[in-house]
Amino acid sequence: AKVLVTGANGFVAVWVVKKLLEDGFAVRGTIRSEDKGVYLKETFASYGDKLELVVVKDITQDGAFDEAVKGVDAIQHTASPFHLNGTHPDDLIVPAVEGTRTILRSTLRHGTDVKRFIITSSCSAIEELLPDPQVYTEDDWNTQSVKEVEEKGVNASASHVYRASKTLAEREAWKFVEEHKNEIKWDLVAINPPYIFGPPLQEVASLDSLNMSMAAWYRYVVSGTADGEALATAGNNWVDVRDCAAGHVHCMTVQQAGGHRILSVAGAYKWQDWVNAARKIYPNLSVGNTTYDASQALHPIRYNTSKFETLLGLKYHTMEETSKAILESFEERGLWK
Ligand code: NDP
């Protein structure tokens with residue numbers, strides 16, 4: 001079977017490609033330009049033509065994926081901007097939403113072999129940023145960020161803009177499937193991960209080009225420059241990139257996964273938890289906040305979810321395991337300064 005992976009050179013996607021190839025699937029990956037495929041091809045050279053790369057220059061152009069979807073059995077749509085330096089909300093929202101609509105339209109027209117469409121959504125499409133602690137499930141939707149962008153436009157915070165882009169893109173996917181349910185032979189699965197950490201397999205020319213979530217991990221855990229107060233109070237929820245990728249691949253073959261949103265959340269963290277986990281393996285890392293007490297940490301966002309384990313039969317890596325894998329890869333790749 002062959003699987004289409006969009007944005008195949010991204011942090012998450014490279015792991016999805018790796019798992020797919022290891023599981024015996026052939027992969028067609030889309031990239032935005034030829035040069036983005038060189039490192040990727042080298043990474044998976046041993047798989048030969050089991051990995052095919054095609055250039056889709058502008059994912060928002062209607063018909064952009066018409067050729068790419070032909071002959072594939074499943075689609076993993078991961079391509080979407082994840083950064084906080086857009087100058088206009090449209091910089092993120094248009095590729096997220098139009099990119100999703102475009103590939104769904106191409107799939108409707110030409111994806112005759114497609115059985116399942118998986119979209120990499122996010123916890124951002126679920127959680128809101130509220131003053132009181134909340135516990136979320138797969139039934140929740142983030143309406144706050146969409147409202148924020150509608151009301152504030154270019155003055156909306158970068159975080160809300162990204163969160164709105166993910167919410168609107170996922171919403172678009174469910175709407176499309178509902179509208180076309182009598183014409184399609186495939187179903188939809190949304191994977192909703194929180195912050196994703198793990199060893200970067202993608203091309204990383206220098207620390208400056210690390211993807212967003214791993215750049216944050218580096219700054220807080222490795223650089224030794226993070227503010228002590230922030231280490232103890234700032235955090236979120238997380239998942240290991242290898243578990244997130246396994247979720248993407250497993251949900252293709254587990255029949256009952258169709259039609260589900262699947263949260264993949266290993267747990268909540270404050271950055272100091274990562275410093276402590278990482279220092280168990282590399283005691284030379286800077287100690288951070290010595291007064292931090294994990295048992296007293298207040299986590300404003302928590303998740304109550306079990307589909308990842310019960311439906312997909314997967315388990316999560318621990319913070320220590322993830323830290324070890326990250327630090328080893330940073331060291332191997334010469335990123336640890
Ligand atoms: P990366 O930045 O590493 O990868 C993003 C991928 O999307 C790249 O292939 C990139 O292509 C492509 N892309 C970005 N902007 C555009 C655009 N305007 N048009 C076409 N393609 C574009 O990020 P991640 O791997 O972390 O993110 C992958 C997915 O996972 C995204 O959907 C993201 O929202 C989601 N996600 C990530 C989380 C995380 O913590 N990392 C958390 C939750 C969800 P190019 O290299 O050419 O820019």
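What share of the 337 residues in the protein is buried? Buried residues make up 47% of them, a residue being buried if 20 or more other C-beta atoms, placed from the backbone, lie within 10 Å of its own, exposed if 12 or fewer, and partly exposed in between.

This is a predicted model, in which local features need pLDDT of at least 70 and side-chain atom pairs count only at pLDDT 80 or more, while totals for chains, interfaces and linings use all residues. Residues are numbered from 1 along each chain as its sequence is written.

**The whole chain**

Begin by displaying the complete protein as a cartoon. It contains eleven helices and twelve strands; these are DSSP runs numbered from the N terminus, helices being H or I of at least four residues and strands E of at least two. The radius of gyration, taken over C-alpha atoms, is 19 Å, close to the 20 Å from the globule rule (2.2 Å times the number of residues to the power 0.38), so the protein is as compact as a globular protein of 337 residues. The C-alpha trace spans about 60 × 50 × 40 Å along its principal axes.

**Helices 4 and 5**

Now select residues 144–152 (helix 4) and 158–179 (helix 5), whose axes come within 8 Å and cross at roughly 115 degrees. The axes are lines fitted to C-alpha atoms over the stretch in contact, with angles from 0 to 180 degrees between N-to-C directions. Helix 4 contributes Ser-145, Val-146, Glu-148 and Val-149 to the contact, and helix 5 contributes residues including His-160, Arg-163 and Leu-168; contact requires C-beta atoms, placed from the backbone, within 7 Å. By class, this contact has five nonpolar, three polar and two charged residues.

**Asp-49**

Finally, select Asp-49, in the loop between helix 2 (38–43) and strand 3 (51–55). Asp-49 counts as exposed because it has 6 C-beta neighbours inside 10 Å.

Note on methods: Contact = placed C-beta atoms within 7 Å. Nonpolar A, V, L, I, M, F, W, Y, C, P; charged D, E, K, R; others polar.
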